[in-house]
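Me: I would like to learn how to read a few features of a structure, with the general idea and then the case at hand. Could we go through them one by one?

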Amino acid sequence: KKIFWVLMVMMVCAGASEQAVSQWASAFAETGLHVSKTIGDLAGPMLFAFLMGSARAFYGKYGERIDLDRFMIVSSILCIISYLCISLVPNPIVGFIGCALCGLSVGIMWPGVFSKAASDAKGGTAMFAFLALAGDVGCAAGPTVVGMVSGALDNHLNMGFLAGVLFPILLLLGIYLCQIWKRKCN
């Protein structure tokens, strides 16, 4: 089914959106805020993880009352804004807040794609295994893209994050494609 391939791309983008910031948050905190490695290691990833977990707990508690597509669209837009704050705003505090907000925004992406697959594609165990594999590919691809672009541009981590904004943009596009597909099938 065509929708399966859209969901696969969405899952790659979900993993990449999450891990691109998560894996580089510590280095960003160190270089942008000029804090020690210990503080950078604690502040960046911990705040990101806390807000990501909060988003998942919130949706777990209130998900029955929230439209998943709308929640994922808002989260994708917030993720795009977060990436732009990290990469384009010269104030390191704003960039650090962007890292934290990115954690909040990516919280629904991975579980949301699984939920969409369950309702829209109606596949079996193999489909979910392939989606998990796609998510893992994204988890490797996101930080790699940020690192490679940063390295190619004289170690400007901001430019790596700017390249990483592609992932939440593609995820947002995937949500719209799933909505179009769903309307055609109904």
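Me: Is Tyr62 buried, partly exposed or exposed?

Reply: This is a predicted model, in which local features need pLDDT of at least 70 and side-chain atom pairs count only at pLDDT 80 or more, while totals for chains, interfaces and linings use all residues. Residues are numbered from 1 along each chain as its sequence is written, and side-chain values use heavy atoms, with hydrogens and water left out. Buried means under 20% relative accessible area, exposed over 50%, and partly exposed in between, with a 1.4 Å probe and protein chains only. At 31% relative accessibility, Tyr62 is therefore partly exposed, and Phe58, with 40%, is partly exposed as well.

Me: How is a pair of aromatic rings described, and what are the values for Phe58 and Tyr62?

Reply: Such a pair is described by the distance of the centres and the angle of the planes. Rings of Phe, Tyr and Trp (its six-membered ring) pair if their centres lie within 6.5 Å, and planes under 30 degrees apart count as stacked, over 60 as edge-to-face and the rest as tilted. The whole structure holds nine aromatic pairs; in the one formed by Phe58 and Tyr62, the centres are 5.2 Å apart and the planes lie at 50°, so the pair is tilted. Phe58 and Tyr62 are four residues apart in helix 2 (residues 37-62), and are thus separated by about one helical turn. Ring pairs also join Phe58, Tyr59, Tyr62 and Phe71 into a cluster.

Me: How do helix 2 and helix 4 run relative to each other?

Reply: Helices (H or I, at least four residues) are DSSP runs, numbered from the N terminus. Axes are lines fitted to C-alpha atoms, for helices over the stretch in contact, with angles from 0 to 180 degrees between N-to-C directions. Angles under 35 degrees count as roughly parallel, over 145 as roughly antiparallel, 65 to 115 as roughly perpendicular and the rest as oblique. The axes of helix 2 and helix 4 (residues 92-106) come within 6 Å and cross at roughly 30°, so the two helices are roughly parallel to each other.

Me: And how do helix 5 and helix 6 run relative to each other?

Reply: For helix 5 (residues 109-121) and helix 6 (residues 125-152), the axes come within 11 Å and cross at roughly 150°, and these helices are therefore roughly antiparallel to each other.
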